[in-house]
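The following note is intended for a colleague who is new to this structure.

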Amino acid sequence: MPETLQQVIARQREAPGVLDRLIAGAPETALRRPPAPGQWSAVAVIAHLAEDELSSSWRYRQMLEHPGIALPSFDQDEWARRGNYPSWDLADALDMFRLLRQANVRLLSGLTDEEWDRWGTHAERGRMTVADLARHMPEHDARHLAQIERALRAAVGGSACAD
Ligand code: NI
């Protein structure tokens, strides 16, 4: 059975706390170590979560205001390069993700059934409603939380080998 929109909102609300618990106690060096050359460190993934939430913030509001609007795609690697993700302060990245997510949860919590069905045309995914995007975000969170877990495991494993 698909999750209700209330369950989706709850998962979105919980994500910043889940992220905090996942990285709690991890040393800064491990959080900054890419698991392999060219891959994102945990800090870079968290910067991506924050900036991706920026894109979602805009998309929800555009669909609500201008139903049917075109939603251009963006190149996450270009954003990472322009945003210099490895240089981010960890607390800033966590704050940005949490605050933008909070604002979006507040927005989503007040929508009517008709507003959930407003939509835009995503460059790659085609017709996408506000509800579709809201449902997509917890999956996106989960994918990147797993990526952070893998990066930390690799970083810790790496330092164990060096001992
Ligand atoms: Ni992503």
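1. Two strands are said to pair if DSSP finds at least two bridges between them. Helices (H or I, at least four residues) and strands (E, at least two) are DSSP runs, numbered from the N terminus. By these terms, E1 pairs with strand E2 (residues 119-122) in the parallel sense, over 3 bridges. Within this region, Leu-71 stands opposite His-122 in E2.

2. The model is a predicted one: local features need pLDDT of at least 70, side-chain atom pairs count only at pLDDT 80 or more, and totals for chains, interfaces and linings use all residues. Residue numbers start from 1 along each chain as its sequence is written.

3. The open sheet consists of 3 strands in the order E1-E2-E3, with mixed pairing. Strand E1 (69-71) and strand E3 (126-129) are at the edges with a single partner strand each, so one side of each lacks a neighbour in the sheet.

4. A nonpolar core is a set of buried Ala, Val, Leu, Ile, Met, Phe, Trp, Tyr and Cys residues joined through C-beta atoms within 7 Å. A residue is buried if 20 or more other C-beta atoms, placed from the backbone, lie within 10 Å of its own. The largest core holds 21 residues, and those touching the most other members are Ala-42, Val-43, Val-45, Ile-46, Ala-47 and Ala-93. Two or more residues come from each of helix H2 (28-31), helix H3 (42-65), helix H5 (90-109) and helix H7 (130-162). H3 gives the most, with 8 residues.

5. A second, separate core has 8 residues, including Met-63, Leu-108, Ala-134 and Met-137.

Technical notes
A residue is buried if 20 or more other C-beta atoms lie within 10 Å of its own, exposed if 12 or fewer, and partly exposed in between; C-beta atoms are placed from the backbone.
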